[in-house]
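Have a look at the fold first, then read on.

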Amino acid sequence: MREIAYGPLPQHRLDYHSPPPPPSSRPQRALLVFVHGGAWRSEDKADHAQLARTLAALTACPVAVPNYRLTTQDSPIQHPSHAQDVLRALHFLSTWPGPDDDSPQPPPAELYLLGHSCAAHILASIFLASPYPDLTPSPRLLSITRAILLSEGIYDIDALLRSFPNYKAWFIAPAFGAHDAYPAVNVASYPLRTGAEHIRWLIIHSKGDVLVDRLQSETMHAHLSALARDLPPGPHAFVAKNFDEFEENHDELLKGTVYPRIIADFVAQDRAHASASV
């Protein structure tokens, strides 16, 4: 594992996990990026080192896990600052020649982006057409992003607060401001971003999650499905869901064996199709 700076701030660091040996002599074409959750206020890239190692072993692809600024008492930042940092990390990775300064490699040609909990909202804020101009991904980042795989996500904050009213004081108001309602940050209402039409989406939700209700994932899946109706038919579904294979609670899902297997299977199938179509 290597820690890499992707920006000027102390929080602008990512952990880069290489696949286990024997390494391929060919440059790595695909990169997985796991963006952690934590209600915009907690968690660290180091918390997910074991998951990253497992994903690297199962996919034979490197895995990057970025930190980003969090909303804390000492650092009361608000949205879209967290997403700005994640976008900075993704822009860095999209042109990065790799961790070995003595042997630079071509930057990744395929990105698979994984977001858990609040990170689902972060990634959707970037890759759908949000009202924030500073969350606009570069044409290269859009072009190399193959898929966005989201688990236990938060998407519609007003719906979340109807299900869990205590969340407003706990983390929504600190991260988004104390408002009567939050329609502007409902990512399940954002239109499709131009240039992102090829990106596939997978929405995951566990039957055992007691922290975020299934309505969040159902709402996002329905929204993406509606967006897909305006797209020409393709070889794969624009959006898929997996609401049936998981039994764990919100964060325990990441520690089990099913989540990395589902991710690895998705990546393998998508990469095989991409190779066959070249």
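Predicted model: local features only at pLDDT ≥ 70, side-chain atom pairs only at ≥ 80, totals over all residues.

## Helix α2

In α2, the buried residues (under 20% relative accessible area, with exposed over 50% and partly exposed in between; 1.4 Å probe, protein chains only) are Ser81, His82, Ala83, Asp85, Val86, Leu87, Ala89, Leu90, Leu93 and Ser94. Helices (H or I, at least four residues) and strands (E, at least two) are DSSP runs, numbered from the N terminus. With 15 residues (81-95), α2 should span 21 Å, and its end C-alpha atoms sit 22 Å apart, which agrees; the expected span is 1.5 Å times one less than the number of residues.

Numbering starts from 1 along each chain as its sequence is written, and side-chain values use heavy atoms, leaving out hydrogens and water.

## The sheet

Eight strands form an open, mixed sheet in the order β1-β2-β4-β3-β5-β6-β7-β8; pairing takes at least two DSSP bridges between two strands. At the edges, β1 (2-5) and β8 (239-242) each have a single partner strand, so one side of each lacks a neighbour in the sheet. The twist averages 20° from one strand to the next.

Strands β6 (145-151) and β7 (200-204) run parallel over five bridges, and Ile148 stands opposite Trp201 in β7.

Methods
Axes fitted to C-alpha atoms, helices over the stretch in contact; angles between N-to-C directions.
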